[in-house]
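Here are a few exercises to work through with the structure open beside you. Try each task before you read its solution.

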Amino acid sequence: MDELLQQFLLEGRDLVADAHAALVALGRDARDRPALDRLFRATHTLKGSVALFDMAPAERLLHVAEARLEGARKGDGALDEAMLDLLMQAIDQTDRWIDAMEGAASLDADATGLSDRLIALIAGDGETGEADLPLPVSPPVAADQDWIAALRSRAELAMVDPGRARTAFRYTPDPDCFFRGEDPLSMVENVPQLLGIAILPAGDAWPDLAACEPFRCMAAIEGLSAADEAQVRAAFRLAPDQIAVAPFNPSPAASDSAPYATELAATLRVEAVRLDRLADQSGELAVAIRALQPIAARLRVIDPLLAAELRAAEDEIARVAGRLQRSVAQVRLVSLEPVLRRLPRLAREAAAMVDKAIRFTIEGETAQVDKQLADQLFEPLLHLVRNAVDHGLEPAGQRVASGKPAEGRIGLAVRQDGGHISIVLTDDGRGIDPQAMRAAAVAKGLMSGEAAAALSDAEALHIVFLPGFSTAESATMLSGRGVGMDAVRAAVERLAGTITIQSDVGRGTRITLRLPANAITTPLLVVAAGDRQLGVRLDQIVETARIDASAVQPVGQAHACILRDRTVPVLDLAALLGLEPTSGALARLVVTDAGPCRTALRVAAFGERFDAVVRESTGLLAAMPAVAGTAMMSDGSVLLVLDLPELVA
Amino acid sequence: MSVVVEEDRIILSGAATVEDAEPLLAALLEHPHHRIDIAGLARAHLAVVQLVLAAGRPVIGRPESPFLREIAFASPMRIKV
């Protein structure tokens with residue numbers, strides 16, 4: 001894909017997310033001035049960006065939206081709820097067009113019509129009013145932003161207190177100005193309240209001295225002043241065509257005490273795959289270091305002192321590797337915002353398809369999680385949201401009849417607690433009736449009547465996660481017949497998370513996802529089955545136990561034992577893998593809740609515990625049912641990591 | 001202004017005008033490893049400053065003018081010799 005387009009897709013979506021955030025803030029408080037400014041800037045910059053592509057309908061629409069916002073900024077015509085809704089539609093539409101540019105590299109045929117319709121509504125009174133609206137008077141922000149962004153990261157300006165700087169300028173003197181007797185530096189010296197300047201090569205770099213012409217100006221000057229824009233502009237009144245001036249805001253996150261340079265360090269976009277590689281390699285380093293341990297142990301026999309030195313060095317390397325791994329984990333932390341910001345639009349679209357109106361709120365979307373998690377959360381969340389729209393919320397008529405607002409409420413709240421995040425999706429719909437769930441599960445032959453009756457109400461709600469289950473009486477285009485709730489659970493479990501449902505019949509449903517915020521390395525236990533070594537995720541193990549083999553009793557075709565007063569089925573890992581069953585007087589058991597009930601796996605031996613980067617299986621391994629992935633052992637060999645939920649299912 | 005070449009440095013002093021750019025460039029080309037001493041510099045034209053920056057050499061001395069010391073040469077002066 002063309003690099004410019006790629007850049008646009010990234011930045012365009014950032015701007016859409018920015019505009020959404022501002023619209024949500026304005027929805028809470030229509031007089032939120034910073035939010036209005038933020039929305040204006042995002043819209044303006046988006047307009048500039050779409051203008052670079054064949055997206056004329058988007059450009060016209062954003063132009064009208066921008067003009068409306070400019071009006072609101074000047075104080076004529078506040079933005080009422082209806083207008084905010086139209087602006088939301090304009091931004092949503094732009095977002096869809098960005099998707100279209102990614103897919104088909106062009107807008108749909110109906111883009112012009114859509115754009116005209118929204119333009120008429122935003123311009124008001126059914127006129128197409130585009131021409132009547134004043135052009136925004138602000139300077140071209142998009143062009144400004146390039147040099148301001150560069151200026152923020154100038155080392156030369158690193159000593160300037162960002163709290164004092166109010167205006168930034170970039171002065172590019174005419175190369176021949178020295179011949180006219182001008183001294184650009186003395187003009188800069190006259191800038192009021194000058195805080196600092198950077199004298200830079202006007203081109204990419206200073207030329208070699210041998211190539212320098214002493215009387216040709218080859219410099220550009222950037223600077224910061226505590227004076228306002230007009231005062232700075234006045235200082236350059238003799239060179240208006242060579243100067244760019246713009247208000248300077250320290251980055252919003254900047255704290256007064258932090259050094260300027262670090263605050264202004266521009267963000268860097270790095271290909272995700274490179275970060276993944278870095279994370280993998282830092283994880284492998286941690287594992288590779290463990291190869292020193294057995295060497296140190298052998299060395300102790302020959303030379304205890306040298307062995308101690310090696311151990312000390314190993315500890316030090318392990319400590320540094322641990323720090324490296326934590327730093328990499330930090331780098332991989334990304335805000336959930338870009339993932340979550342797309343949901344309201346998709347939820348509104350989903351609601352429109354089934355003729356429902358919704359109000360969607362998001363809280364805590366700036367929580368930071370590992371990139372892998374952010375990447376893989378979107379699909380399951382979208383599915384849950386669509387389910388809530390489709391199955392959770394009642395039609396408007398029914399809602400009003402039961403005393404609820406016609407508009408269905410869906411809320412998404414993200415909370416970070418320590419190393420975990422919880423994502424709570426609530427709706428105020430019809431809720432889930434546990435009795436109906438039990439009956440449906442029995443009717444579909446998913447479980448026996450007794451088993452269903454034995455479930456508590458809370459457990460009965462989780463029937464929805466059984467493969468192929470649905471309570472909807474009719475299938476819809478939107479979410480099908482509940483297909484996918486089992487897939488949602490599988491996706492969450494793949495991310496080492498859990499999903500739970502609570503519901504109040506007639507009042508709504510609450511789905512909670514709890515996930516680890518960092519998930520690069522996974523603690524593993526090595527077990528033996530037959531002559532093979534296999535990895536089991538520690539978080540899937542409830543306990544390990546050693547019991548007398550005679551305590552494992554045959555029960556019909558299967559085996560079971562009593563553990564902590566509970567009867568637990570025992571499966572032989574080697575037999576499951578098609579190997580010779582484990583024998584011996586002692587039964588070593590790995591007890592897990594990963595399956596439908598507590599299960600013990602009999603293994604031949606317990607090995608070491610260690611943290612490893614588990615890679616999802618690819619190629620041939622992906623076809624093996626019981627393998628979740630692979631991890632590298634300290635001796636460089638590859639360990640197969642078992643997929644316990646699948647193995648014991 | 002004057003451009004004076006000493007054993008290990010090029011000394012700039014007084015008020016540097018656009019005319020001083022030419023002798024400075026010649027001195028810089030002739031003595032590629034000399035540092036630049038600006039302690040006695042009172043004023044400087046951009047033509048001179050841009051050559052000092054393009055040369056990328058260590059700049060030593062603290063000129064009396066606050067503008068030169070803290071603004072124009074703030075960055076090259078931080079390069080330690």
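**Exercise 1. Find the surroundings of Ala25(A).**

Solution. Keep in mind that this is a predicted model.
Step 1: skip the neighbours within four places in sequence, and the contacts of Ala25(A) that remain are Asp32(A) and Ala35(A).
Step 2: look at the distance to one of them; Ala25(A) and Ala35(A) are 10 residues apart in sequence, and their C-alpha atoms are 6.3 Å apart in space.

**Exercise 2. Decide whether Ala25(A) is buried or exposed.**

Solution. 
Step 1: recall the cut-off, since buried means under 20% relative accessible area.
Step 2: Ala25(A) has a relative accessibility of 16%, so this residue counts as buried.

**Exercise 3. Describe the fold of chain B.**

Solution. 
Step 1: list the elements, and you get 3 helices and 4 strands in chain B.
Step 2: read along the sequence to find the pattern β-β-α-β-α-β-α.
Step 3: turn to the sheet, which is open, has 4 strands of chain B in the order S1-S2-S3-S4, and shows mixed pairing.
Step 4: look for the edges; strand S1 (2–5) and strand S4 (59–60) of chain B each have a single partner strand, so one side of each lacks a neighbour in the sheet.
Step 5: follow one pair, strand S2 (residues 9–16) and strand S3 (residues 35–44) of chain B, which run parallel and are joined by 7 bridges. Within S3(B), Leu41(B) is the bridge partner of Gly14(B).

**Exercise 4. Explore the largest nonpolar core.**

Solution. 
Step 1: start with a general idea: in soluble globular proteins, nonpolar side chains tend to be buried together.
Step 2: the largest nonpolar core here has 52 residues, and those with the most contacts inside it include Phe169(A), Ile197(A), Leu12(B) and Leu51(B).
Step 3: ask which element gives the largest share, and you find helix H2 (residues 46–55) of chain B, with 9 residues.
Step 4: examine Ile197(A), which touches residues of both chains, among them Phe169(A), Leu185(A), Ile71(B) and Ala72(B).
Step 5: notice that another core, of 50 residues, lies apart from this one and includes Ile358(A) and Val385(A).

Notes: Residues are numbered from 1 along each chain as its sequence is written. Chains are lettered from A and ligands numbered from 1 in the order in which they are written. This is a predicted model: local features need pLDDT of at least 70, side-chain atom pairs count only at pLDDT 80 or more; totals for chains, interfaces and linings use all residues. Side-chain values use heavy atoms; hydrogens and water are left out. Helices (H or I, at least four residues) and strands (E, at least two) are DSSP runs, numbered from the N terminus. A nonpolar core is a set of buried Ala, Val, Leu, Ile, Met, Phe, Trp, Tyr and Cys residues joined through side-chain atoms within 4.5 Å. Buried means under 20% relative accessible area, exposed over 50%, partly exposed in between (1.4 Å probe, protein chains only). Contact means heavy atoms within 4.5 Å. Two strands pair if DSSP finds at least two bridges between them.
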